[in-house]
Amino acid sequence: MSVTPRPALVALAGASSLLLLAATPASALAAGHVAKPKHVKVVHFNAHGTVVSASGSTAVVLARTVQVQHQGVRHNVSITVTVAPGAFKKVGKGHKAPTTAGLIVGDQVELTGTETGPADAQVFTVTHAVQHAQAAHVFLGKVTAVNGTLIKVSKGAEASDDQAENDNGLHGFAVDVSKATVTVDGAAGTLAVGQTVVILGEGDHDAVLAASVYAFTVAPTVLAGKISVVTGSQVTLKDDGKTTTVDLAGTPLVVNGNAGGALTSVAAGARAVVLGTTTGGVFAPSLAFVFNSADKHPVGHNHNH
């Protein structure tokens, strides 16, 4: 007796086979197994620089150097970091032990940790951090490049108010102006190549975080040195064996990074930088910066002291 085929059952079996094939990943069919998740490469990094901003456990650092394992060293770049719990093993003199990230804007930091991600989207996690308070200074030079909020400044005749705090033998500075008040010839303005600038801020070698930038289209006369004598409103500056006496009556003063300083706060032993104009051999001051042992933090106000 012959058996009659059952087309419906055959069709159903064929459809089931197609469903099974469709449900199986193509990679598994090709390789015979399911692909494993891609391994994320973790390498180590270390960086030295200045804190530009800090919020919770995240911070932006202007790094004068950042070295990533097997990738070499980069200079004067901004990096965003996440500070892991317990990263602070010790804290610079004058700071209380932080309970969170504890990073203070304007402080110098030494960071080590791990880095993941591609070159254009690196993720830095800090596992060890040390920070130190930095003194306020003024840095003088000429703008040679403007790249967003990062500018380059060539070294001026006076690299800084403090001869020990110059550009360390280099030819200029990288300056982050993201938090700076900028004036050009005494009025609010925009920085441009060729301007002479006097930068108030905190610097780690040749990387500077600016609090204020005073730009000039015509370079001012600059007098700098240590104050040796104060007689009324007259101060005598000594620099490289030369002495110059300047009358600061009516001259705006920035004392330890704070504008609106009083003459009574100016004393012998402090460092000073005085800007002005010279006409017929006579110097007329227009702005003076004075620093003593209390000079720090002209940029940040989130102090943990």
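Visitor: In the hairpin of strand 4 and strand 5, which residue takes a positive phi?

Guide: This is a predicted model, in which local features need pLDDT of at least 70, side-chain atom pairs count only at pLDDT 80 or more, and totals for chains, interfaces and linings use all residues. Residues are numbered from 1 along each chain as its sequence is written, and side-chain values use heavy atoms, with hydrogens and water left out. The hairpin has six residues between its strands; strands are DSSP runs of E with at least two residues, and helices are runs of H or I with at least four, numbered from the N terminus. The residue with a positive phi, near 95°, is G117.

Visitor: How many bridges join strand 4 to strand 5?

Guide: Two strands count as paired if DSSP finds at least two bridges between them. Strand 4 and strand 5 run antiparallel, and L111 has A129 of strand 5 as its bridge partner. The number of bridges joining strand 4 to strand 5 is nine.

Visitor: In what order do the five strands close into a barrel?

Guide: The pairing in this barrel is mixed: strand 3 with strand 5 is parallel, while strand 4 with strand 5 is antiparallel. The twist averages 45° from one strand to the next, taken between axes that are lines fitted to C-alpha atoms (for helices over the stretch in contact), with angles from 0 to 180 degrees between N-to-C directions. The order of the strands is 1-2-3-5-4.

Visitor: Which strand gives the most to the core?

Guide: A nonpolar core is a set of buried Ala, Val, Leu, Ile, Met, Phe, Trp, Tyr and Cys residues joined through side-chain atoms within 4.5 Å. The largest has 27 residues, of which F45, I79, V81, L111 and V126 touch the most other members. Strand 1, strand 2 (58-68), strand 3 (72-83), strand 4, strand 5 and strand 12 (207-216) each supply at least two of its residues. With six residues, the strand that gives the most is strand 2.

Visitor: How many residues apart in sequence are the parts that the pair of F45 and F124 ties together?

Guide: Rings of Phe, Tyr and Trp (its six-membered ring) pair if their centres lie within 6.5 Å; planes under 30 degrees apart count as stacked, over 60 as edge-to-face and the rest as tilted. F45 and F124 are edge-to-face, at 4.9 Å centre to centre with 70° between the planes. F45 lies in strand 1 and F124 in strand 5 (residues 123-132), so the pair ties together parts whose separation in sequence, in residues, is 79.

Visitor: Why is the pair of F139 and F173 edge-to-face, and what is the angle of the planes?

Guide: F139 is in strand 6 (residues 137-147) and F173 in strand 8 (residues 172-176), 34 residues apart. The ring centres are 5.5 Å apart, and the pair is edge-to-face because its planes stand at 65°.

Visitor: Is T251 buried or exposed?

Guide: T251 sits in the loop between strand 15 (242-247) and strand 16 (253-255). Beyond its neighbours within four places in sequence, T251 is in contact (heavy atoms within 4.5 Å) with P285, S286, L287 and A288. Buried means under 20% relative accessible area, exposed over 50% and partly exposed in between, with a 1.4 Å probe and protein chains only. T251 has 10%, so it is buried.

Visitor: How far apart in space are V222 and F283, C-alpha to C-alpha?

Guide: V222 belongs to strand 13 (residues 221-231) and is partly exposed, with a relative accessible area of 28%. V222 and F283 are 61 residues apart in sequence, and their C-alpha distance is 9.7 Å.

Visitor: Which residue in the turn of strand 14 and strand 15 has a positive phi?

Guide: Strand 14 and strand 15 pair in the antiparallel sense over six bridges, with L237 opposite T244. Their hairpin has two residues between the strands. The residue with a positive phi, of about 55°, is D240.
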